[in-house]
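Work through the exercises below with the sequence and the model at hand, and try each task before reading its solution.

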Amino acid sequence: MKLILTAIAALLYCASGAQLDAAGAARIKDIARVQGVRSNQLLGYGLVIGLNGTGDSKAAPFMPAAVSNMLERFQMSVPARDIKVKNIAAVMVTAELPPFAKPGSRIDVTVSAIGDARSLQGGMLLMSELQAADGQVYAVAQGAVSIGGFSVSSGGASAAKNHPTVGRVPGGASVEREAPMTFVRPNNQIDIELLQPDFTTAIRIATAIQKQFPKLEVTAPSPGSVRIQLPEDERQDPVMLVASLEALRVEPDVSAKVVVNERTGTVVINGNARIAPVAIAHGGIQVKISVTPLVSQPNPLGEGQTTVVNKTNVKVEEKTAQVALLNEGASVESLVKALNALGVTPTDLIAILQSLKAAGALHGEIEIQ
């Protein structure tokens with residue numbers, strides 16, 4: 001337990017920003033993003049062929065229809081009811097179109113079986129169109145499927161590694177259409193969105209930008225965004241400007257929070273949590289009940305029979321309560337050291353933190369997962 005609490009203390013020390021740099025600051029690039037620069041999800045339907053009898057069975061009604069439609073593209077008319085193959089699997093193809101991807105760029109795709117196929121090992125994805133939410137085709141995928149494992153069975157025994165019904169095609173999709181994207185608004189503005197909205201952090205970002213670029217008009221219309229007005233009378237390269245903005249360092253401000261996961265016994269406390277003057281007592285009562293079998297025999301000349309009787313022993317032990325005193329404004333490090341000295345378990349630690357919050361001695365929010 002002491003090792004666990006020591007590790008938590010080390011993580012809290014890192015989370016408090018002590019190891020980011022001397023000032024505890026982070027790049028704007030790491031705590032915010034430019035509005036309009038985003039990826040897009042792509043989705044498509046396809047067929048994986050060349051499977052070694054591990055494809056969809058006739059219980060999947062959509063697969064024969066898909067094969068029949070595919071053969072009609074090559075002037076072969078085969079009714080869906082006559083298609084009975086096990087080396088083809090119907091799959092859903094998904095991909096993520098990165099921002100500013102140009103036609104001809106290659107992106108990775110993921111294929112997932114939607115029928116009762118047992119494995120996609122050794123399969124080949126046929127040409128599949130990938131659409132975005134607007135219904136337009138932005139990429140076309142095709143290539144060999146890699147599942148990064150295997151699935152074999154024989155004589156009622158089977159062995160598998162990883163998930164054989166989901167695979168990837170590295171670089172398997174070719175971008176055919178560029179997603180419309182711009183990060184400069186029509187009124188010549190650039191908005192920076194904070195990954196974690198905060199009033200103080202937004203003001204610090206706006207102040208840092210204004211100090212570095214005095215000619216820019218910078219405002220923080222909300223705790224989640226910072227707006228930059230580009231000058232109309234000067235020619236400004238927006239890409240060069242954003243690159244310079246991302247390199248600026250700002251010390252983000254986070255609220256004091258304690259995250260408790262009762263299922264796993266995990267407790268994470270950030271460095272801003274403070275403890276009011278409080279005394280913590282840790283102790284408990286242990287009750288042990290044991291049963292000892294005893295043999296009862298009659299006298300040598302007496303009447304009776306040998307029997308086994310149980311003797312019940314009850315033992316109650318009360319541990320001496322240990323008290324830890326925390327002064328005003330104690331940090332998380334002081335709390336961890338105090339709890340470490342008491343030798344608390346993760347369950348006791350969670351109960352102590354909840355009691356501290358109920359007593360008003362823990363200045364921070366407790367989030368129970």
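A residue counts as buried under 20% relative accessible area, as exposed over 50%, and as partly exposed in between, with a 1.4 Å probe and protein chains only. Helices (H or I, at least four residues) and strands (E, at least two) are DSSP runs, numbered from the N terminus. The model is predicted, so that local features need pLDDT of at least 70 and side-chain atom pairs count only at pLDDT 80 or more, while totals for chains, interfaces and linings use all residues. Residues are numbered from 1 along each chain as its sequence is written, and side-chain values use heavy atoms, with hydrogens and water left out.

**Exercise 1. Find which residues of helix α3 are buried, and what they pack against.**

Solution. Begin with the helix itself, which spans residues 62-72. Its buried residues are Met63, Pro64, Ala66, Val67, Ser68 and Leu71. An α-helix has 3.6 residues a turn, so residues three or four places apart point the same way. Next, look for the partners: the buried residues of α3 pack against β3 and β4.

**Exercise 2. Describe the largest nonpolar core and the surroundings of Leu130.**

Solution. A nonpolar core is a set of buried Ala, Val, Leu, Ile, Met, Phe, Trp, Tyr and Cys residues joined through side-chain atoms within 4.5 Å. The largest has 26 residues, and those with the most contacts inside it are Leu42, Leu125 and Leu130. Two or more residues each come from β3 (40-49), β4 (88-97), β5 (106-113), β6 (124-131), β7 (137-144) and β10 (166-175), with β4 giving the most, 5 residues. Turning to Leu130, and leaving aside its neighbours within four places in sequence, one finds it in contact (heavy atoms within 4.5 Å) with residues including Leu42, Val93, Val109, Tyr138 and Ala173. A second, separate core of 23 residues includes Phe183, Ile190, Ile192 and Ile209.

**Exercise 3. Why does Gln189 count as buried, and which side chains does its own side chain meet in polar contacts?**

Solution. Gln189 lies in strand β11 and counts as buried because its relative accessibility is 12%. A polar contact is a pair of N or O atoms within 3.5 Å; within protein, one must be able to donate a hydrogen and the other to accept it, and residues adjacent in sequence count only if both atoms are side-chain atoms. The side chain of Gln189 makes such a contact with the side chain of Asn187 at 3.2 Å, and another with the side chain of Gln229 at 2.8 Å. Gln229 in β13 also stands opposite Gln189. Beyond neighbours within four places in sequence, Gln189 is in contact with Phe183, Val184, Arg227, Ile228 and Gln229.

Notes:
Pairing = 2+ DSSP bridges.
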